[in-house]
Amino acid sequence: MRLMQDWPMTLDRILEHAYRWHGDQEVVTRTPEGPITRASYAEIYRRAKRLSSALAELGVRAGDRVATLAWNTQRHLEAWYAIMGMGAVCHTVNPRLFVDQIVYIVNHAEDILIFSDISFVPLLKEIRERIPSTRHIVLMTDRSTFARCDLDGALCFEDLIDQAAGDAPWGGFDENYPAGLCYTSGTTGNPKGVLYSHRSNFIHTLVTLAPDVLGLGARDSILPVVPMYHANAWGLAFSAPAVGAKLVMPGSQLDGRSLYELIADEQVTFSAAVPTVWQSLLDYMHGAQRQLDTLRRVVIGGAAVPESVVRRFRDEHGIEITHAWGMTEMSPLGTVGSPTRRTDRLTGDERIKQTLKQGRPPLGVDLKITDEAGAAQPHDGQATGYLKARGPFVVAHYYCAEDQELLDQEGYFSTGDIASIDRDGFIRITDRAKDVIKSGGEWISSIEIESITSRHPAVDSCAVIAIPHVKWGERPLLVVKKRPGMTLDQQTMKDFLKDRIASWWMPERVEFVADIPLGPTGKIDKKLLREQFQTAAPASAKPE
Ligand code: AMP
């Protein structure tokens, strides 16, 4: 007996909704070619439909993988919906991966076509011979720029749209069909693919819209700084058209000045990015009478937000940031730090401490923490353990690895993070399991030391890593990049930390560096730092 209608939750319906009910709403793009362009959802919908038809003419069929190598732009959005709408799989490739990793994932996914921004023409030339499954490369640019790009056999995006025979039909397939593929930039071994379904992304979209999650609506102007190739831009390329919000696409220029201009000119109300991006925006605005008048919500995630960033937003701009946690395997949102009636009463430093927690799970995300043997740990805000998650938008298997069991007996996926959960459900990530520092059998939280270090006015950015120690197994090493023109030495840094952390957490050494390396998603690359500083301390050295 059928009680309610069967209406497959396929992603084409999202853009169709925007077209039908918010057709005039704008999508603004700072193009990789330079100029700012504007289009409406109605135009984007029509262009994406034609693009699907062009893809079909090129031989793309439902289930085929089509890659994008692109910044956040209108054309990238059109490519997404064109691919997913016809039932093909949109594989977002992170162009910041090492060349060999890009070659590996394009071959692993067997991408038959790649949509690329012109910025990646040199990369494509380099790898063209090594990606045999790729039959076509489409450059996402206008005709005059295309004419100047010298890439053998490439096709022009605008030609495809103009010359398409008509509109391709969208949807009409099962909601469990695959829609998107994103590889995690695994720090060990080869990258692993997460294959999202239409259903999982659709449900994730609905969840993101709730007031306590991202709280988006038709009055918003949304700037997704987080790239579409990093866990679907945290779902924003779905959430914005789902509510008919204005979308502001930053293209390739993610420096403080470019972002500030977009926020001011396009009256951005909502934005999301990793901490390093926000830091450069804060630095650009600092002391220059630049304010963020329209910004209503700033979401920071992807890595722990340093305390200095929380304070600077509050003190310099009157903005209380929202801290979120997630991962590619979770589509990606796992927790968001919106206050509850109880936590909303907190003030001053207590409130800052609360903001530094990574938030609580929305409906649709189940969490638990366990010890190494898998026994559940209490949610008392004190006990830490391996953070595990389950839900309709959490990974079940990696792509083409269905034989490898990822879930425990209760169906939970192990996130690889170490966390505590308090009685309000707020999690506090203390470390990535592989970054945790095990000193004399106890765990030291690198994230907490980093957060406290970031409060020192001479610290631009910092990272704490484990270095081997003959007696204690591992000890923390603090790596600091100083602010330009500031002085800071090891002793001053240690004195600053002295009353703020447990004595046995005191870093073994402080190393000052010109730059802290960032990985392909803009997070600090601790693996590289560990390689750089992997020298054992002498046995006599004791934790202070
Ligand atoms: P990715 O799949 O590349 O987005 O990486 C996901 C990982 O980033 C998580 O498993 C965490 O280790 C880390 N991460 C994401 N958000 C946060 C956060 N707010 N605080 C600390 N770590 C985070």
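How exposed is W443: buried, partly exposed or exposed? W443 is partly exposed, at 26% relative accessible area (buried is under 20%, exposed over 50%, partly exposed in between; 1.4 Å probe, protein chains only). This is a predicted model, where local features need pLDDT of at least 70, side-chain atom pairs count only at pLDDT 80 or more, and totals for chains, interfaces and linings use all residues. Residues are numbered from 1 along each chain as its sequence is written, and side-chain values use heavy atoms, leaving out hydrogens and water.

**Aromatic pairs**
- Rings of Phe, Tyr and Trp (its six-membered ring) pair if their centres lie within 6.5 Å; planes under 30 degrees apart count as stacked, over 60 as edge-to-face and the rest as tilted.
- The count by this rule is 13 aromatic pairs.
- F173 and Y177 are stacked, because their ring centres lie 5.0 Å apart with planes at 15 degrees.
- F173 is buried at 12% relative accessibility, whereas Y177 is partly exposed at 35%.
- Y386 and W443 pair edge-to-face, with centres 6.1 Å apart and 90 degrees between the planes.
- Y386 is in strand β17 (residues 385-390) and W443 in strand β21 (residues 442-444), so this pair ties together parts 57 residues apart in sequence.
- Strands here are DSSP runs (E, at least two residues), numbered from the N terminus.
- Y386 is buried, with 17% relative accessible area.
- One aromatic cluster is formed by Y19, Y45 and W170.

**Charges over rings**
- A charge sits over a ring if NZ of Lys or CZ of Arg is within 6 Å of the ring centre and within 35 degrees of the ring normal.
- R290 places its charged end over the ring of Y284, 4.0 Å from the centre.
- K192 has its charged end over the ring of Y398, 5.4 Å from the centre.

Terms used: Helix = DSSP H or I, 4+ residues; strand = E, 2+ residues; numbered from the N terminus.
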